Amino acid sequence: MSEKGIDGSVSVVTGAASGIGRAVALDLAERGSRVAVADIDPVGLAATADLLAERGHKPLARAVDVSDPARVEEFFDEAEADLGPVDTVVSAAGALATGPVADCADQVWHRVLAVNATGVFAVGRAAARRLGPRGRGCLVTVSSNAGGVPRAGMAAYAASKAAATAFTKSLGLELAPLGVRCNVVSPGSTDTPMLRAMTADTGYAPLLAGDPAAFKVGIPLGRVGTPQDVAAAVRFLVSDAARHITMHELYVDGGATLR
Ligand code: NAI
């Protein structure tokens, strides 16, 4: 299956060892993009590379810590040397930490900000340096609906995602005159290892029903999202169908944030 704007392109996807990033990499590859995948987890990344190879694709897979901007630059250089000029960049790497602010250790705050904010900066800057001068291409940051609505027990994560969203929109303004689009996809609860770890004690039922004590309304559409639901939104935003859309934040959360 090919898609205009994706078929024949070169894509970089971070966080591709698992969940949403893996689904995005598979989805773009299925539609004709040559993909370079990165993650800090080499084992999960090798599994993604195997899934791509089983489907006939030849990805470039590299262990990358997105909070290390020099390594991110190196990865983009490797991707371009191997696959050609990058057209599409998807930042899906992310780290979650939960718990009350009073109990949040300095290193937890710094780690969450390093991955979710500095990582998005490093990837966005690497994209700007390459896509900007060529005057084409697009970027999508996978942020979170928690960046736009207060959530108890998620302050560091919410702050990091608000930073990722604001950074991406500002980058979109900067690159718009050059013809490069930057958008945000903000998932709500999505069935991935990250969400499964967070709900290990409770399961998904409380997510659907909501929790008045925590001022959470639940999920109006009555289901937890799948990584493919999020990948479909990313696909739309990177395709030619979205050629007049930039600086947009697309919520994929079943209505959980009532917007
Ligand atoms: P996941 O935990 O399955 O995947 C996240 C991936 O990011 C993992 O493969 C992990 O190794 C990688 N990663 C973590 N730190 C990294 C680093 N420093 N450098 C490179 N890679 C790193 O989680 P999921 O759900 O697939 O998350 C994807 C994105 O979606 C994240 O940005 C997350 O914050 C966001 N998100 C997820 C939601 C959910 O309910 N699953 C809800 C809202 C947003």
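A disulfide is a pair of cysteine sulfur atoms within 2.5 Å, and this cut-off is needed for one of the views below. The model shown in every view is a predicted one.

**View 1**
The chain is built from 8 helices and 7 strands, and its C-alpha trace spans about 50 × 35 × 35 Å along the principal axes. A compact globule of 259 residues would have a radius of gyration near 18 Å, and the value of 17 Å found for the chain agrees with this. Among contacts between residues at least 6 apart in sequence, 72% join residues that are at least 24 apart.

**View 1**
Of the 259 residues, 49% count as buried. The accessible surface comes to about 11,500 Å², and carbon and sulfur atoms account for 57% of that area.

**View 1. Two cysteines, Cys 138 and Cys 182, that are not bonded to each other.**
The structure holds 0 disulfides, and Cys 138 is accordingly in none, its nearest cysteine sulfur being that of Cys 182, 8.4 Å away.

**View 2. Leu 52 in helix H2 and the residues around it.**
Leu 52 lies in helix H2, which covers residues 42-54, and it counts as buried, with a relative accessibility of 0%. When neighbours within four places in sequence are left aside, Leu 52 is in contact with Ala 25, Leu 26, Ala 29, Val 35, Val 37, His 57 and Pro 59. One of these partners, Leu 26, is 26 residues from Leu 52 in sequence, while their C-alpha atoms are 6.5 Å apart in space.

**View 3. Thr 257, in the segment that follows the strand E7.**
Thr 257 is placed in the segment after strand E7, which runs over residues 249-252. Is Thr 257 buried or exposed? With a relative accessibility of 11%, Thr 257 counts as buried. Apart from neighbours within four places in sequence, the residues in contact with Thr 257 are Asn 145, Val 149, Arg 151 and Tyr 251.

Which residues does Asp 65 contact, if neighbours within four places in sequence are left aside? They are Ile 40, Arg 71, Val 72 and Arg 111. As a reference across the model, Asp 65 and Val 224 are 159 residues apart in sequence and 28 Å apart from C-alpha to C-alpha.

**View 4. Leu 178, in the loop between helix H5 and strand E6.**
Leu 178 is found in the loop that lies between helix H5 (155-175) and strand E6 (181-187), where it counts as partly exposed at 42% relative accessibility. Not counting residues up to four places away in sequence, Leu 178 touches Gly 132, Gly 135 and Arg 136. Leu 178 and Gly 8 are separated by 170 residues in sequence and by 21 Å in space, taken from C-alpha to C-alpha.

Most residues other than glycine have a negative phi. Phe 215 is not a glycine, yet its phi is positive, near 60 degrees, and Met 247 likewise has a positive phi near 60 degrees. Phe 215 sits in the loop between helix H7 (205-209) and helix H8 (227-238), and is exposed, with a relative accessible area of 75%. Met 247 lies in the loop between H8 and E7, and is partly exposed, with a relative accessible area of 30%.

Note on methods. Residues numbered from 1 in each chain as written. Predicted model: local features only at pLDDT ≥ 70, side-chain atom pairs only at ≥ 80, totals over all residues. Heavy atoms only, no water. Helix = DSSP H or I, 4+ residues; strand = E, 2+ residues; numbered from the N terminus. Rg over C-alpha atoms; globule rule 2.2 N^0.38 Å. Buried < 20%, exposed > 50% of the residue type's maximum accessible area, 1.4 Å probe, protein only. Contact = heavy atoms within 4.5 Å. Areas by Shrake-Rupley, 256 points an atom, 1.4 Å probe, with all protein chains shown as cover.
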